[in-house]
Amino acid sequence: MTKSAVLLIHGFPFDHSMWRHQLDVLSRWECVAPNLCGAGVSDAPADPDEYSMAAYARDLTALLDEQGIESVVLCGLSMGGYITFELLRQIPARVRAAILCDTKSAADTPEAKRGRGVLAETARSLGTRAVAEELIPKVLGRETRERQPHVVREVRQMMERQPVAGIVGALRAMRERPDSTALLGRIQVPVLVIAGDDDQITPAAGMQEMAGAIPNAEFVVIPDAGHLAPLEQPRAFNTAITEFLAKVG
Ligand code: MLT
């Protein structure tokens with residue numbers, strides 16, 4: 001196993017297609033952009049207890065092993081960032097660098113945990129359309145909602161096609177995830193932290209603070225982007241990641 005690659009880890013409730021603009025420009029690098037367990041068309045175990053950050057990370061490591069990939073640059077968005085932290089704990093020697101997009105190191109507050117339960121109930125009783133309805137105004141920046149109807153449509157469709165069991169499982173995994181703040185100061189590899197300037201879920205100021213706690217981190221803000229910068233402002237996002245990858249690759 002000698003190959004190296006970029007592993008793109010999607011957020012919630014999305015699937016690998018959220019990276020389509022990045023896959024277009026990263027042709028110089030070997031890229032792996034899987035659907036997490038329970039997302040997209042992958043199998044969705046019915047039991048929410050089968051979902052955890054540790055289990056997602058183990059699945060991804062198994063995928064890297066299967067593909068003969070020894071060393072990776074991790075690129076995780078939001079929940080994908082929580083999984084990136086888990087991979088930094090599980091397989092630190094295989095991580096060459098990391099890109100943390102629109103994410104945070106803190107665990108859920110008690111209020112956030114209650115919100116996970118409410119959203120899981122919405123998914124179960126009203127389905128994914130209701131989940132999308134609730135999340136669209138939170139995940140997309142104002143500029144995107146007002147001026148990019150095609151992006152709103154794409155994100156809505158992506159959310160609506162996710163299996164309910166996968167949504168409920170991911171909510172359980174996020175609710176139970178460990179706090180990764182103590183890990184930040186121990187990260188040995190170069191890190192790029194990318195924030196949308198209009199991200200309501202993981203505001204840019206918090207991400208800048210997180211970057212400040214990582215020994216070798218750069219911080220970039222993407223203008224006119226909410227929580228889904230890779231889809232909302234792909235050009236600016238791609239410039240940030242390709243410049244970083246050229247340095248660490
Ligand atoms: C995500 O985009 O993965 C979610 O917003 C993360 C979260 O809800 O904590």
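Analyst: Before we start, helices (H or I, at least four residues) and strands (E, at least two) are DSSP runs, numbered from the N terminus. The model is predicted, so to speak plainly: local features need pLDDT of at least 70, side-chain atom pairs count only at pLDDT 80 or more, and totals for chains, interfaces and linings use all residues. Residues are numbered from 1 along each chain as its sequence is written, and side-chain values use heavy atoms, leaving out hydrogens and water.

User: Which helix gives the largest share of the lining of the largest pocket?

Analyst: Rolling a water-sized probe over the atoms shows where empty space is left. A pocket is an open set of points on a 1 Å grid over the protein atoms alone, where a 1.4 Å probe fits, with protein on both sides within 12 Å along at least five of seven lines; lining residues have an atom within 4 Å of a point. Here α4 gives the largest share, 6 residues, and 21 residues line the pocket in total. Arg-116, Leu-119, Leu-135, Lys-138 and Ile-201 lie nearest its centre. The elements giving two or more residues are α3 (79–90), α4 (110–126), α5 (128–139) and α8 (164–175).

User: Where does the ligand sit?

Analyst: The ligand takes up the largest pocket (more than half of its atoms lie within 2 Å of the grid points). Residues around the ligand (a heavy atom within 4 Å) include Gly-11, Phe-14, Arg-116 and Ile-201.

User: Which side chain has an N or O atom 2.5 Å from a ligand oxygen?

Analyst: That's Tyr-82, a polar contact (a pair of N or O atoms within 3.5 Å). A polar side-chain atom of His-227 lies 2.8 Å from a ligand oxygen, while Phe-12 uses a backbone N or O atom, at 2.7 Å.

Note on methods
Polar contact = N/O pair within 3.5 Å; in protein donor to acceptor, adjacent residues only side chain to side chain.
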